[in-house]
Amino acid sequence: MSGVFSYKLTTENELFTFDFSPILKSGETISTAACTIEVKDGEDPNPNSIKVGSPAINGALVVQRISGGINGVTYRLVMTVT
């Protein structure tokens, strides 16, 4: 499953929502979530530093707050759930 988010300015603090409803079977729930940040384009020696707190689970939706980042760097957010 993959999705595309709109861009975020480095001065912004935003929530990014992952919707797992299309891949959850009837009766399945999300019990854990972990977010990792990868650099897709550019350079950031510590990309995970843009995460604020831990992911929040709300049914089939998982939300991660992101803040900061480096101008010109494109990041990939990877949300892993069980």
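**Reading the sheet of a predicted model**

Student: Which residue stands opposite V52?

Tutor: V52 faces R65 of strand 4. This is a predicted model, in which local features need pLDDT of at least 70, side-chain atom pairs count only at pLDDT 80 or more, and totals for chains, interfaces and linings use all residues. Numbering starts from 1 along each chain as its sequence is written, and side-chain values use heavy atoms, with hydrogens and water left out.

Student: How many strands does the protein have?

Tutor: Strands are DSSP runs of E with at least two residues, helices runs of H or I with at least four, numbered from the N terminus. Here there are five strands and zero helices.

Student: How many bridges join strand 3 and strand 4?

Tutor: Strands of a sheet pair through backbone hydrogen bonds, either parallel or antiparallel. Two strands count as paired if DSSP finds at least two bridges between them. Strand 3 and strand 4 (residues 61-67) are joined by five bridges, in the antiparallel sense.

Student: In what order do the strands of the sheet lie?

Tutor: The order is 1-4-3, an open sheet of three strands with antiparallel pairing. Strand 1 (13-19) and strand 3 (51-58) are at the edges with a single partner strand each, so one side of each has no neighbour in the sheet.

Student: What share of the residues is buried?

Tutor: Buried means under 20% relative accessible area, exposed over 50%, and partly exposed in between, with a 1.4 Å probe and protein chains only. Of the 82 residues, 24% are buried.
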